[in-house]
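Hi,

Here is the structure I promised to pass on. Have a look first, and my notes follow below.

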Amino acid sequence: MSEHPNAIFGWLLAAALALAAVIANAVAALGLTGVVGLAGMIVGALTACVFFLAELGRVPLSSLVLVFLALATLAAFVRTLCSYRRERRLLSALPLAPLADADLLAVAAEADVEVYLTPARRAAAFCFGLVRPRVVITSGLLERLTSEEQAAVIWHEAEHAHAREPARCLVARLAASSFFWIPALRDLLERFLLVKEIAADREAASHTSTAALAGALFEVATPTPALAAVGAGDLAAARIERLFARESPLPVLFRCRHLLLSAVGATALALTITFRAQLDLGEQAHLKTMLLSLSVHGLPGMAAGFAVNAAILTYGMMKTKRLLRARRR
Amino acid sequence: MEIFWRRESATVREVADQLNRKRSLAYTTVLTLVSRLWSRGLLEREPEGRGFRYWAAKSREDFLAELSDELIDRLFADFGAIGVARVGERLSELNERERQRLKRARRKR
């Protein structure tokens, strides 16, 4: 597959849109009443209400899987959007000042990018802003770099700004995280993140020098073993390799385990659509099942249902409390 | 905090007077604000009369540096950055051999 960031981004987007279209189409075929009814049943089954469990037996599995996948996808999408909102709040609280150094201002003007300075001691530089991408460099990073290395950082980030990378990163992460049940998309996202960095590295090195960029990368590459994700080290090494040897091979795009899991996810979706069911969710049907369930299970069943409900509610409340406390901190 | 950075130290009454030049705030509101800043370690105090005299625990520069360090740490925690492209993407997992390679490639200063 191509190593061009646009191509990888295109593949990722196309896959996500195709999945979204398939799900939306299948969900639309179920109809609003069907989806709401099934969603209620899934939530009910999760909280182990006897009535809903009894009702589940009547509903074709394929429709349940479809609505479950649609709900999980929607939840993951909203979760990523919420994380993005939190990130925006952090960024808006970050103290920013325009660059003061005349040499750096000249580089920024030549690279045609807005650069801001933040007084952090950490070595970091990044580009943010969906509509108007801006570059932020920490004063800690500037202090550790020579003027040529500082220019390399600005050129690197300018490339991200010109390619509107923040917006593309958001879309790519939304696509990969929403369809988390197709982990191959995650591999595509990782590849996109890698090739966009390689492209920006190339641009920076062409305006300054490989040595300058190497110096800048050395300063930002603080080893934090606790954060190391599986395979992430390979990606970092591949990026450095490319800095010195333009034709060095990149790591394998898709991991076997991810391909296998993606195949399972795709098959589940395909099956739910092939065996689309006709639903009969009339008012009478609900009533009958509820009466049946009550008469079969009686009080012990209801008590068990209430106990599980209470356990889930307590867990949810504890989780919310912890989240609120973390946010306050 | 601006007030405490501009003048060396102040009592809650002095802060309230200064704030009231721009907008009207009750003494108790200012007292709550100041005590909250103190409990977060941003202010220090010693008893004076019936109340306390407060002063900034850190200079403006130190405060802003710590704030931006914390915000940046939170921004990048666990690859958390979503709509941000950064120069150090994935480089925190770089192995020592590659790090040394970067160091060697760097021009002698």
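**What I found**

In chain B, strand 1 and strand 3 (residues 51-56) run antiparallel and are joined by two bridges. Keep in mind while you browse that this is a predicted model. One residue pair to click on there: B:Ala10 has B:Tyr54 of strand 3 of chain B as its bridge partner.

Zooming out, that pairing belongs to an open sheet of three strands in chain B, ordered 1-3-2, with antiparallel pairing. Strand 1 (10-11) and strand 2 (43-48) of chain B are the edge strands, each with a single partner strand, so one side of each has no neighbour in the sheet. Helix 3 (residues 27-39) of chain B lies across strand 2 and strand 3 of chain B, and it runs at about 120° to strand 2 of chain B.

The axes of helix 8 (residues 165-178) and helix 9 (residues 184-207) of chain A come within 9 Å and cross at roughly 165°. Angles over 145 degrees count as roughly antiparallel, so that is how helix 8 and helix 9 of chain A are oriented to each other. The crossing of helix 8 of chain A past helix 9 of chain A is left-handed.

Which residues meet there? From helix 8 of chain A come A:Glu165, A:Arg168, A:Cys169, A:Ala172, A:Arg173, A:Ala175 and A:Ala176, and from helix 9 of chain A come A:Leu185, A:Arg186, A:Leu189, A:Phe192, A:Leu193 and A:Lys196. By class, that contact between helix 8 and helix 9 of chain A has eight nonpolar and five charged residues, and no polar ones.

Cheers

Methods: Residues numbered from 1 in each chain as written. Chains lettered and ligands numbered in written order. Predicted model: local features only at pLDDT ≥ 70, side-chain atom pairs only at ≥ 80, totals over all residues. Heavy atoms only, no water. Axes fitted to C-alpha atoms, helices over the stretch in contact; angles between N-to-C directions. Helix = DSSP H or I, 4+ residues; strand = E, 2+ residues; numbered from the N terminus. Parallel < 35°, antiparallel > 145°, perpendicular 65-115°, else oblique. Left-handed = near helix turned anticlockwise from the far one by under 90°. Contact = heavy atoms within 4.5 Å. Nonpolar A, V, L, I, M, F, W, Y, C, P; charged D, E, K, R; others polar. Pairing = 2+ DSSP bridges.
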